[in-house]
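Please keep the sequence and the structure in view while reading.

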Amino acid sequence: MKRTIETQLGTDVSKSPLYGRIINEGHWSRVCSYLENISASQVLHGGESDQTTRYISPTLIGVTSADLDKPLMTDEIFGPLLPILTVQNMDEAINFVNARPKPLAAYIFSSDRHTVESVLSRTTSGTACVNDCVFQFLNAHLPFGMCKNPPSTAVHLQLRDIDNNVGTCWYCTG
């Protein structure tokens, strides 16, 4: 992930014309506050910020079971912080997701179809996307939000982009 950040945005992300800033000082302060409750050794990459320009670098954060009740792991971040929790296998990851309130979105990155289908069929979220981060937002007519009904109310879509790549999305009808 570090290499991808540097490849796409350069080694000094703060100077990249492609990288945005936090919309206002209040949101900048809120996002930065998540970093106050973690140790410096947990910052795997990034962690820089500048209040004057409302810059926060893409930040990768290693979290453990001791961090699970912290705001970083319970709030919707809406900022460039990515908590990373290491699990032993896919069942542990799925159990982790299902033991918490349904997430606003799920992003599954895998080339293994069985893994993708397992995550999609055994979890629910407001929206889900496979091997992409924004594909499900391209169609303004699809609903978005928390899924309050059981998984049987989810609708499965396969969408193709202009290059004929298939993207899989789920959305909840209730």
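The notes below describe a sheet and a helix.

This is a predicted model, in which local features need pLDDT of at least 70 and side-chain atom pairs count only at pLDDT 80 or more, while totals for chains, interfaces and linings use all residues. Residues are numbered from 1 along each chain as its sequence is written, and side-chain values use heavy atoms, with hydrogens and water left out.

**The sheet**

- An open sheet is formed by 3 strands in the order S1-S4-S5, with mixed pairing; strands are DSSP runs of E with at least two residues, and helices are runs of H or I with at least four.
- Strand S1 (43–45) and strand S5 (81–85) each have a single partner strand, so one side of each is left without a neighbour in the sheet.
- Strand S4 (residues 59–63) runs parallel to S5 and is joined to S5 by 5 bridges; two strands pair if DSSP finds at least two bridges between them.
- Within this pairing, Gly62 stands opposite Ile84 in S5.

**Helix H2**

- Helix H2 (residues 25–36) has 12 residues and spans 17 Å from its first C-alpha to its last, close to the 16 Å expected at 1.5 Å a residue, where the expected span is 1.5 Å times one less than the number of residues.
- Trp28, Val31, Cys32, Tyr34 and Leu35 of H2 are buried, whereas Gly26 and Glu36, on the other side of H2, are exposed.
- Buried means under 20% relative accessible area, exposed over 50%, and partly exposed in between (1.4 Å probe, protein chains only).
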